[in-house]
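This briefing is meant for a reader who is meeting this structure for the first time. Please look over the sequence and the model before reading on.

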Amino acid sequence: MLVPFRALDRQYRDLRKNLVAVFDRIGSSAGYIMGQGLEEFEARIAEYCETQYAVGVANGSDSMFLAMKALGIGPGDEVITCPNSFIATAWTIVAAGATPVFVDATDEYTIDTNGVAKAITPRTKAIIPVHLTGRPAAMDELKAIVAGTGIHLIEDAAQAIGARYKGARVGSLGICGSFSLHPLKSLNAMGDGGVITTNSKELWDKIKLLRNHGLKNRDECDVWGYNSRLDALQAAIVMEKMPFLDGWIERCRKIASFYRDELEGLVWVPRDKPHEFGIYHNFIIRTDQRDVLMDYLLQQGIETKVHYPIPIHLQKCAKDLGYSVGDFPVVETHARTIMSLPLYPELTDEEAALVTSKIKRFFAEKTGSKKVSADLSV
Ligand SMILES: *Cc1c(COP(=O)(O)O)cnc(C)c1O
């Protein structure tokens, strides 16, 4: 592969010395679960996300699940979200005992707030906007919709650490923000990890209990809990990477800007709105030539992916929810036309240029001219 879709080994190569030292430090400390290192990491994440509190948990799915549990969401409750997300956005609602209610997305992949307003019922307990691709959802519109209703906004910010909405960091915009530290996310552990950010002391306290068996101290337990802690080693690894995060985001934005300049007019390209600061976790283009273009690029040694080819409401596991083809036309059309280009901080200028030149060549060969593809907005 000339240009792999992701290249995690490059980050390890760059940070090897630091990470080996972290491993040695944690190994020698003999403190592998909980402890001061984890608390320092949580404080650092809270500071970065501009919230008062953060809790480390085992992964970015548990962070959503535990947030819902701590908010008392369960059987009989409805939670509104988008069907164009990673499956965890929905299964965690089901695992909490509640019912996912889907709403279509906008052309920018975030939840359509008009659809949200129509989907609210007396059973709605929360809305989970997903900051998909690292672009913040329309939080002010959502806040206006839930004002005075008691409905919670839980941000699925798994793909968006560092993104800003009207100047504010994602994770600080709802009752809580949920982040994943999975190796494929922008800030990552060498394994699974997750964090919840919040300004609610009550929620913070509850989630800290729930992630650690419900124990309030070594021996006493007031509530049934779970085992969903963030390992001291993973917390230390991510802590070591924190100073690099803003630089990585800048680099990703720079590559995104290059892709946009080079490809605009040939395919649909994402662009920040004036009030947004996206982190381009994924750079998703749209073209009705998607499948042939992906094959062509793969033959040229360029790996691309689809996020996501099967909308959640059309997955087999969602059958009992009763949705069918045609329910969410925007998401369903996108599923046929979207593709994600390789984009990560370690991607070189040469590699990015290879990606765009091959895409340009594809369209030149395909159409015999620089003909612009059809408008793919729905
Ligand atoms: C990755 C991801 C999750 C789940 O995170 P894990 O750490 O893999 O459990 C949830 N939502 C979205 C949008 C994601 O991209």
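Which helices each supply at least two residues of the lining of the largest cavity? They are α1 (8-29) and α8 (232-263), as found in a model that is predicted. The points below begin with the ligand and its surroundings, and then turn to the cavities.

**The ligand and its shell**

- The ligand is surrounded by 15 residues, and the closest of these are Gly 60, Ser 61, Asp 156, Ser 180 and Lys 185.
- Two helices, α3 (60-70) and α4 (88-95), each contribute at least two residues to the shell around the ligand.
- Sorted by class, the shell around the ligand is made up of nine polar, four nonpolar and two charged residues.
- The space that the ligand takes up is the largest pocket.

**Polar side chains at the ligand**

- Ser 61 has a polar side-chain atom that lies 2.5 Å from an oxygen atom of the ligand.
- For Ser 180, a polar side-chain atom is placed 2.6 Å from an oxygen atom of the ligand, and for Lys 185 the distance from a polar side-chain atom to a ligand oxygen atom is likewise given as 2.6 Å.
- On its own the ligand has 380 Å² of accessible area, and the protein covers 93% of that area.

**The largest cavity**

- Four cavities of 30 Å³ or more are counted in the model, and the largest cavity holds about 260 Å³ of space.
- The largest cavity is lined by 20 residues, of which Lys 185, Ser 186, Asn 188, Tyr 344 and Pro 345 are the closest to its centre.
- Helix α8 provides the largest share of the lining of the largest cavity, with four residues.
- The lining of the largest cavity consists of 13 nonpolar, four polar and three charged residues.

**The second largest cavity**

- About 90 Å³ of space lies in the second largest cavity, which is lined by 13 residues, and those closest to its centre are Asn 84, His 307, Tyr 308, His 334 and Ile 338.
- Helix α10 (residues 329-337) gives the largest share of the lining of the second largest cavity, namely three residues.
- The lining of the second largest cavity comprises nine nonpolar and four polar residues, and has no charged residues.

Key. Residues numbered from 1 in each chain as written. Predicted model: local features only at pLDDT ≥ 70, side-chain atom pairs only at ≥ 80, totals over all residues. Heavy atoms only, no water. Near = heavy atom within 4 Å. Polar contact = N/O pair within 3.5 Å; in protein donor to acceptor, adjacent residues only side chain to side chain. Areas by Shrake-Rupley, 256 points an atom, 1.4 Å probe, with all protein chains shown as cover. 1 Å grid on protein atoms, 1.4 Å probe; cavity = no way out; pocket = protein on both sides within 12 Å on 5 of 7 lines; lining within 4 Å. Sits in = over half its atoms within 2 Å of the grid points. Nonpolar A, V, L, I, M, F, W, Y, C, P; charged D, E, K, R; others polar. Points joined across faces, edges and corners; volume = space filled by probe spheres on them.
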